[in-house]
Every structure is written in structure tokens, then in C-alpha cells.
Amino acid sequence: MTKLKIIKDSKTLLRTIQIYKLKKKKIGFVPTLGSLHKGHLELIRLAKKKSDIVVVSIFLNPLQFNSKIDFKKYPINPTADKKKIYKEKVNILYTPTIKEVFPDNNIQKLKASKKAKKLCGRFRKGHFDGVVTVLQSFFKQVLPTIVFFGEKDFQQILIVKDLILKYKLKIKIITAPTIRDRNGLAYSSRNYLLDKKQKKIASFLFKTIKEISFLAKKNLKSLNNLEVTGKKKLINKGFTKIDYLEIYNENNLSKNNIKENNLRVFAAANLGNTRLIDNFKN
């Protein structure tokens with residue numbers, strides 16, 4: 001039976017990982033901000049199938065929040081998270097402080113790739129720089145063979161792939177489809193901030209981008225009009241603010257060469273103070 005090791009310091013983690021490496025074990029890594037939900041649990045289960053050793057990190061990364069208010073209101077529940085981790089029978093839960101993530105106390109922010117300038121990057125300045133800076137540090141500490149991400153954060157996946165390529169890291173990325181509730185709402189830690197009425201409205205984010213995706217595939221010349229139509233629909237359904245609803249070539253987040261097989265719809269919208277993101281490809 002797998003005995004969970006809860007590790008808080010980077011030196012102990014590195015020593016433990018190196019022992020596994022000497023035994024030629026495949027290290028699977030699932031990085032999280034905490035407040036675990038069904039989407040995280042599916043990633044953990046996938047990691048268990050594809051790896052010999054599974055490391056899950058819980059670290060609420062202040063570098064990827066461009067607002068102190070957003071950082072402070074992020075839902076955290078360490079007790080519930082640990083119970084879920086125990087149940088999933090992973091090998092290592094890594095719960096470092098920022099001093100452990102950056103042991104020399106010298107945080108040098110990396111620059112995310114050009115793909116960070118679009119979508120969420122336009123509205124959350126420095127967000128992806130914070131993501132790649134922390135992940136680079138984690139990669140040095142966890143030494144993963146494979147890292148696992150959910151497709152809900154599709155833009156982030158492309159940016160992390162660029163990071164891995166840039167630094168020639170021997171890490172494979174495996175992605176899992178977005179996990180949704182019965183109404184289509186993508187599981188997200190931010191869903192805990194929604195009240196009952198908002199959750200009902202939130203389900204229209206997925207329904208709208210799904211509909212736009214089907215219409216876009218039927219008429220690739222109408223993409224601009226469909227983006228406008230989609231935004232209007234979300235406002236009419238009760239969303240308070242739309243950051244974006246855009247259609248891109250999913251391979252490079254470009255408007256060039258969009259075809260039926262690479263078309264993906266991306267959206268970010270607010271319900272009150274809660275910002276939700278989603279994307280869809282049919």
C-alpha cells in the first residue's frame with residue numbers, strides 16, 4: 001500500500017526524488033494551487049496510470065496573481081485537500097512555502113513566451129511570467145519525467161511547452177480533457193466563490209462557446225461576427241463582464257490558417273468579482 005509522504009522542504013524532496021531516480025522510476029508531477037476539485041483528482045489518477053511515482057504540489061503562488069485582492073480571496077482548504085490526497089494514494093504531497101520554492105531568496109522572474117500576450121495575458125499582466133517562474137523552480141526540485149495539466153488552462157499548457165522547449169528540459173507534458181459538472185460548468189477552484197444563482201448562469205459559458213464552435217466550423221469566414229455574437233449572448237445570460245471570447249488556431253494561438261481540425265474557442269467572463277475561463281474544441 002502506498003504511504004503518503006508529506007514534504008515541506010525542497011532539500012528533503014530532492015533527496016527523496018533522487019532515490020527514486022536511481023531506481024529508474026518515472027516521476028509524474030501534478031502542480032496545483034490547492035482547493036482541489038474533481039478536475040485535479042482526474043489529473044492525479046491519470047498521473048498514477050502513466051507514472052511510477054506521483055508528486056502533487058499544493059502551493060498558492062503569489063507571483064501569478066496580478067491582484068493582491070484576488071490572491072487573498074482565493075479559496076483555500078488545506079484540511080480537505082489533504083483528505084483528498086490521502087484517498088488518492090499518491091506518493092508525495094509537496095507543500096512548500098515561498099522560501100522553499102526559492103531557497104536562495106532571490107526571485108528572478110522569467111519571461112513567458114509570446115503566447116502569453118494574448119487571451120488571459122492581456123487582462124492579467126505578469127500572470128504567466130509568475131507561472132513559468134514558479135514551474136521552473138518546481139521542475140528543478142521535483143525532477144519530473146511527466147507533468148500533467150488539464151485542458152481548461154489550454155493557453156497555460158502551450159506556454160509551459162514553450163518553457164520546456166526553451167530550456168531543453170527532458171519533461172513530457174500530458175494533458176487531460178476538462179472535467180465538467182452535469183450542467184457543463186468546468187470544475188475550478190473559483191467555483192467555490194459562486195452562489196447558487198451565479199452557478200446556474202456560469203453553465204452558459206460552456207454552452208455558448210460550444211455553440212459558437214459548431215457554428216464556426218460550418219462557416220470559417222464568419223469568425224469575427226461569431227465572436228461578437230458570443231459576447232452578446234453571455235451578457236444577455238447575466239455575465240457582468242466579458243474579457244474575451246475569441247477563436248484561434250489552437251496550435252499557436254494565431255488567427256492564421258484556422259481550419260476545422262485546429263479551431264478552438266476561448267472565453268473569460270466575470271460573474272460579480274469571480275472570473276471564469278473555459279475553452280472548447282469539437
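These questions and answers walk through the sheet of a predicted model. Residues are numbered from 1 along each chain as its sequence is written. Local features need pLDDT of at least 70, side-chain atom pairs count only at pLDDT 80 or more, while totals for chains, interfaces and linings use all residues.

Q: In what order do the strands of the open sheet lie?
A: Strands are DSSP runs of E, at least two residues long, numbered from the N terminus. Two strands pair if DSSP finds at least two bridges between them. The sheet has 6 strands with parallel pairing. Their order is β1-β4-β3-β2-β5-β6.

Q: Which are the edge strands?
A: An edge strand here pairs on one side only. The two are β1 (5-7) and β6 (172-176).

Q: Which residue of β4 is the bridge partner of Lys5?
A: β1 and β4 (residues 92-94) run parallel, joined by 3 bridges. In β4, the partner of Lys5 is Ile92.

Q: Why is β5 largely enclosed by the rest of the structure?
A: Buried means under 20% relative accessible area, with a 1.4 Å probe and protein chains only. Ile146, Phe148 and Gly150 point one way from β5, Val147 and Phe149 the other, and all are buried. β5 is largely enclosed because its buried residues number 5 of the 5.

Q: Which residue of β6 stands opposite Ile146?
A: β5 and β6 pair in the parallel sense. Their pairing spans 5 bridges. Opposite Ile146 stands Lys172.

Methods. Side-chain values use heavy atoms; hydrogens and water are left out. Helices (H or I, at least four residues) and strands (E, at least two) are DSSP runs, numbered from the N terminus. Buried means under 20% relative accessible area, exposed over 50%, partly exposed in between (1.4 Å probe, protein chains only).
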